[in-house]
Amino acid sequence: MAINYYVVERKVHGGPNKGKTLQYGQVVCGNLMDFDSICHEISLLTTATSGDAKVVLNSLLTIISRYIKAGHIVQVGKLGNFRPTAGSRPAETPEEVTAHLMKRPKIIFTPGKALKNMLTKISYRRIEPQVVRVEEECDDNHDI
């Protein structure tokens, strides 16, 4: 399998090519792999049923959430690590830096070795974007 991409034209806004229009590859994502489909795939690869997989993955989410809220890094085997991060708005003195200056937290995912190695094996396939052309003329007035 390969990841599809198509070519897009973009104007460069900074750097040595500022003002030039250059061509870039734009990845096209496939269909969404939803939770039920993942659980079904797990059931095909293991002795667990789809329901068993749902229970385990929902429990994993609960555990990850609990420890992220407590400020921990959560390692999920070869999958990788989840960790909380947040910045703050500035203050002039250290005493002024309090919890109310903290910004909304985010979760950073760092893939494990297995996922990082998988990335080295990805291939790409160029596709042409789907362009819809209307050949008929319309007599209606479309003033906005």
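The model is predicted: local features need pLDDT of at least 70, side-chain atom pairs count only at pLDDT 80 or more, and totals for chains, interfaces and linings use all residues. Residues are numbered from 1 along each chain as its sequence is written, and side-chain values use heavy atoms, with hydrogens and water left out. Helices (H or I, at least four residues) and strands (E, at least two) are DSSP runs, numbered from the N terminus.

**Aromatic pairs**

- The structure contains 2 aromatic pairs; rings of Phe, Tyr and Trp (its six-membered ring) pair if their centres lie within 6.5 Å, and planes under 30 degrees apart count as stacked, over 60 as edge-to-face and the rest as tilted.
- Tyr5 and Tyr124 make an edge-to-face pair, at 6.4 Å centre to centre with 80° between the planes.
- Because Tyr5 belongs to strand β1 (residues 3-11) and Tyr124 to strand β6 (residues 124-126), this pair ties together parts that are 119 residues apart in sequence.
- Tyr5 is partly exposed at 24% relative accessibility, whereas Tyr124 is exposed at 55%; buried means under 20% relative accessible area, exposed over 50%, and partly exposed in between (1.4 Å probe, protein chains only).
- Phe82 and Phe109 make a tilted pair, at 4.9 Å centre to centre with 45° between the planes.
- Phe82 lies in strand β4 (residues 80-85) and Phe109 in strand β5 (residues 106-111), so the pair ties together parts that are 27 residues apart in sequence.
- Phe82 is buried, with a relative accessible area of 19%, while Phe109 is partly exposed at 34%.

**The sheet of β3, β4 and β5**

- An open sheet of 3 strands has the order β3-β4-β5 with antiparallel pairing; two strands pair if DSSP finds at least two bridges between them.
- Strands β3 and β5 stand at the edges with a single partner strand each, so one side of each has no neighbour in the sheet.
- The twist averages 20° from one strand to the next; axes are lines fitted to C-alpha atoms, for helices over the stretch in contact, and angles run from 0 to 180 degrees between N-to-C directions.
- Strand β3 (residues 74-76) is joined to β4 by 3 bridges; Val74 stands opposite Phe82, and Gln75 has Asn81 as its bridge partner.
- The hairpin of β3 and β4 has 3 residues between the strands, and Gly77 in this hairpin takes a positive phi near 50°.
- Strands β4 and β5 pair over 6 bridges, and Thr85 stands opposite Lys106 in β5.

**The helix across the sheet**

- Helix α2 (residues 50-69) lies across β3, β4 and β5 and runs at about 155° to β3; contact means heavy atoms within 4.5 Å.
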